[in-house]
Amino acid sequence: LTLAAATNGQNGSPYTSIQWYKDGNAIHSGVVNTADAPSSGQTQTVLTVTAAAIADAGYYSCVITYSDIGAITSPATKFFVNGLVTPPADSAGDRGGTVTLTAVFSGASATSVAWTKAALTSGATFSAVSHGRETAASSYNSATLQTTYTLAISTLEASDEGAYVATATYSDSSTEPSPAAALSVFYAEVTQAYGFVGSSVTLTAKITANEQASNVIWSKYGSRLTETSTETYDVGTGVTTSTVTVTSLAAGEFTTYSVTADFDTFTHGNPQT
């Protein structure tokens with residue numbers, strides 16, 4: 001970043017101070033790479049920022065003060081620094097729910113972002129997100145010169161699981177992909193079961209979440225069962241199998257059971273019947 005400011009003093013009077021500002025805060029006093037020509041009454045100062053980082057983006061201005069006419073302030077100049085500020089985070093949601101991925105990039109407001117998805121396997125190919133249930137949006141912050149990009153996926157399905165990447169295209173046509181964020185979709189499938197009057201029946205639920213479920217709760221018409229369930233977890237498939245035995249079936253009993261579960265990264269999925 002190289003910025004220059006020049007002013008004309010009255011009758012060639014010399015300046016008394018030079019102060020540069022970023023976002024209204026003083027950042028450098030004195031003269032940097034200055035060419036001063038008192039005979040012409042002009043003072044020129046140049047501020048150079050090397051190896052610019054995202055933190056250097058902002059609004060720059062300069063105040064040059066003279067002994068006779070006082071301070072002269074330059075208009076603020078925007079300085080953009082292209083770069084990823086916040087990558088999308090690993091996320092999880094329950095089947096039928098909604099999850100939102102967020103990425104923040106620094107750069108001109110014309111920056112655009114494309115979202116791509118791949119399977120959660122090594123070497124998988126990324127392609128454009130096209131579930132038909134996704135909504136992409138952006139919000140530009142003129143104060144920070146950063147843009148927040150979101151991708152909301154509604155009515156989650158098992159097929160939505162994958163690695164998601166946000167790739168920015170900057171005004172100079174250069175591109176920058178974010179690190180991949182893993183999206184897990186939690187869902188349970190409860191198998192149908194039959195039994196005779198007075199007998200017992202065992203219900204089984206397969207809870208898929210790519211992590212072990214805890215605090216599994218079985219319910220009958222929304223009321224929690226008093227029977228204790230048993231869970232086993234398969235690390236390879238990411239499936240927790242939960243079983244519960246209902247005893248002393250009544251004549252004509254036909255009802256719907258549901259199951260919910262807790263996870264380290266997500267609490268209580270929608271009841272799956």
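How many of the 10 residues of strand β18 (residues 181-190) are buried? In this predicted model, eight of the 10 residues fall in that class, each having under 20% relative accessible area, so the strand is largely enclosed by the rest of the structure.

**Pairing of strand β18**

- Strand β10, which spans residues 91-94, pairs with β18 in the parallel sense over four bridges, and within this pairing Ala92 has Ser184 of β18 as its bridge partner.
- Strand β16, covering residues 162-169, runs antiparallel to β18 and is joined to it by three bridges; here the bridge partner of Gly162 is Leu183 in β18.
- Strand β19, made up of residues 201-208, also pairs with β18, in the antiparallel sense and over four bridges, with Tyr187 standing opposite Thr208 of β19.

- Strand β20, which comprises residues 214-220, is paired with β21 in the antiparallel sense over two bridges, and Ser219 stands opposite Arg224 of β21.

**A general point for reading the strands**

- Where a strand is regular, its side chains alternate between the two faces of the sheet.

Technical notes. Residues numbered from 1 in each chain as written. Predicted model: local features only at pLDDT ≥ 70, side-chain atom pairs only at ≥ 80, totals over all residues. Heavy atoms only, no water. Buried < 20%, exposed > 50% of the residue type's maximum accessible area, 1.4 Å probe, protein only. Pairing = 2+ DSSP bridges.
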